[in-house]
Amino acid sequence: MKLTIESLREHADEFEKAGVRVPEFDIAQIQEKGKKDPRWVHIGAGNIFRVFQNRIADDLLADGEFWPITAVQPRGPETLKRSLQDFDNLTLEVVLSNEKTDYRVIAGISESLASELEEDFQRLREVFVQPQMSFVTLTITEKGYVVTDSKGELRDDVVEEIEKDPEANHLHTMAELAGLLLARYNAGGAPITLVSADNFSHNGDVMKKGILTVAEGWVERGAVAPEFVEWLKDESKVSYPITVIDKITPRPSEVVAEQLAELGFEDMELEVIGRTPMAGFVNTEPAEYLLIEDKFAGERPPLEKYGVIITDRETCDQFERMKVTTCLNPLHTALAVTGCLLRFPTIDSEMRDEDLSRLVHVLGYNEAMPVVTDPGVVSPQEFLKEVLEVRFPNQALPDDPARIAMDTSQKIPIRYGVTLNEYERRGMDMDSLVAIPLVFAAWCRYLLGIADDGEPFTPSTDPLLDELQEQLKDVNLGEPVDAHAKLQPILSNANIFGIDLYTTPLAEKVESLFTRMVAGPGAVRSTIHEEINK
């Protein structure tokens with residue numbers, strides 16, 4: 001078996017015998033029709049898109065709803081070729097759980113374009129000006145939307161984009177979108193909705209700001225008419241709903257590739273491009289959530305029939321707050337830093353450790369849940385239960401603690417600071433907290449780059465890593481430490497913790513826990529065990 005349209009035709013019996021679900025519609029016919037009548041563009045053809053938005057489009061097509069996707073990869077034509085084009089724009093979805101593995105061929109894409117290539121970019125312009133193409137989604141990661149630096153100044157690459165011809169092939173995705181929207185405006189300006197499905201707060205607002213920044217720059221230098229910016233701001237013409245998304249899609253697994261070879265596939269091996277493994281399959285979990293603010297311009301697919309929650313902005317905010325500050329992300333960070341220190345290979349293996357499992361249970365149920373925001377559309381208790389009992393323990397979908405530990409200094413103020421500020425606002429007792437100060441102490445201990453066995457490890461990338469490690473450079477395992485002197489500049493930084501911890505009982509707790517954790521090899525384990533089992 002191969003992941004191609006021809007193989008699906010010629011080896012239908014083998015696919016059925018292998019338990020692989022395949023589309024019942026005529027894929028080639030749909031792809032050809034979709035090229036002539038594009039309806040939906042997706043920018044950022046990575047793993048999560050291939051098994052989420054792409055799968056929704058496949059479901060729509062199967063039900064007779066014609067919403068095929070024009071998939072666009074802004075950078076790296078070779079990655080698009082290896083992940084989609086080598087497979088006739090099909091994807092093999094591998095849904096992994098402890099109970100079973102499900103296989104499905106997804107065919108929601110009509111064509112794929114690498115817009116870095118001039119020919120593909122010109123084709124994308126052709127698609128963008130067609131009035132029936134009214135729906136655009138993006139998964140380009142948060143950095144793809146950034147147009148200013150930390151000082152609020154325009155980034156050099158954005159300045160360069162503003163100085164270029166608006167109709168040129170732009171490198172920055174916000175400039176690329178601004179140029180494509182200009183082409184649509186000049187062709188009559190049919191209504192269009194732009195939906196960011198990237199995992200950061202108020203993503204639609206950030207996208208709108210990025211596009212307008214570029215467009216207003218063009219207006220200032222006289223390259224486009226001011227009316228274009230007014231059109232971009234008119235949300236009956238161009239809308240930018242916010243969204244919240246939650247689905248784990250790690251990099252393709254070598255273990256899964258071997259399983260697929262045993263199943264009979266001849267083309268599912270991994271190929272590393274740059275530092276990223278690419279494959280025709282995507283391994284993922286069963287759980288998924290997507291909330292979209294009910295703010296659309298023009299026609300859109302009936303997404304609510306396929307599990308998407310169309311709701312108001314307040315509910316999106318409440319769901320995001322529930323997930324990011326209470327029921328998932330803080331727990332992930334807790335397992336990430338402790339997992340690296342204790343050399344656990346995967347998150348699921350940590351969940352089989354009594355101490356670490358208890359740590360995140362206490363963190364979720366005892367300390368975060370009392371201040372949880374209930375979005376109404378999903379029960380926080382049920383969401384947390386699914387995370388702790390199904391998602392994190394999923395041995396079939398291993399995830400690396402080091403991956404999750406990336407940029408921890410940037411995550412703590414949201415993942416923990418919101419909860420602590422809510423404790424303070426409500427006058428609740430922070431002195432009773434156990435798990436949160438343990439996580440903070442473990443993170444400070446993690447910054448030393450010495451695991452609990454006394455041997456070095458490489459901390460994950462973090463924009464503050466060098467600065468924080470410099471502050472702790474004289475701390476050595478097994479030697480006396482003035483924890484207050486070393487930690488005070490860190491723990492008092494409200495930019496890191498969302499609050500000056502010295503205004504709470506937590507700073508003193510963290511100093512004491514850190515002192516115990518640097519006492520020698522094994523001290524992290526013993527400290528966690530003693531504290532979490534009191």
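## Helix packing and buried residues

Asp399 is found in the loop between α17 (380-391) and α18 (401-404). Helices (H or I, at least four residues) are DSSP runs, numbered from the N terminus. This is a predicted model, in which local features need pLDDT of at least 70, side-chain atom pairs count only at pLDDT 80 or more, and totals for chains, interfaces and linings use all residues. Residues are numbered from 1 along each chain as its sequence is written, and side-chain values use heavy atoms, with hydrogens and water left out.

**Two buried residues**

Asp399 has 7% relative accessibility, so it counts as buried. Buried means under 20% relative accessible area, exposed means over 50%, and partly exposed lies in between (1.4 Å probe, protein chains only). Ile211 sits in helix α10. Its relative accessibility is 0%, so Ile211 counts as buried too. Contact means heavy atoms within 4.5 Å.

| Residue | Relative accessibility | Residues touched |
|---|---|---|
| Asp399 | 7% | Ile248, Pro345, Thr346, Ile347, Ile404 |
| Ile211 | 0% | Met174, Leu177, Ala178, Leu181, Leu194, Leu232, Tyr240 |

Ile211 and Arg39 are 172 residues apart in sequence. In space, Ile211 and Arg39 are 21 Å apart, C-alpha to C-alpha.

**Helix α8**

Helix α8 spans residues 156-163, and its buried residues are Val158, Glu161 and Ile162. They cover an arc of only 100° around the axis, so they lie on the same side of α8. The arc is that of the directions from the helix axis to the C-beta atoms. On the other side of α8, Asp156, Glu160 and Glu163 are exposed. The cover over the buried residues of α8 includes α9 (173-186) and α10 (203-220).

**Helices α16 and α25**

Helix α16 (residues 354-368) packs with helix α25 (residues 523-532) at an angle of about 50°. Their axes are 10 Å apart. That makes α16 oblique to α25. Angles under 35 degrees count as roughly parallel, over 145 as roughly antiparallel, 65 to 115 as roughly perpendicular and the rest as oblique. Axes are lines fitted to C-alpha atoms, for helices over the stretch in contact, and angles run from 0 to 180 degrees between N-to-C directions.

From α16, the contact is made by Asp355, Leu356, Arg358, Leu359 and Val362. From α25, Arg525, Ile528, His529 and Ile532 take part.

Technical notes. Helices (H or I, at least four residues) and strands (E, at least two) are DSSP runs, numbered from the N terminus. Lists of a residue's contacts leave out its neighbours within four places in sequence.
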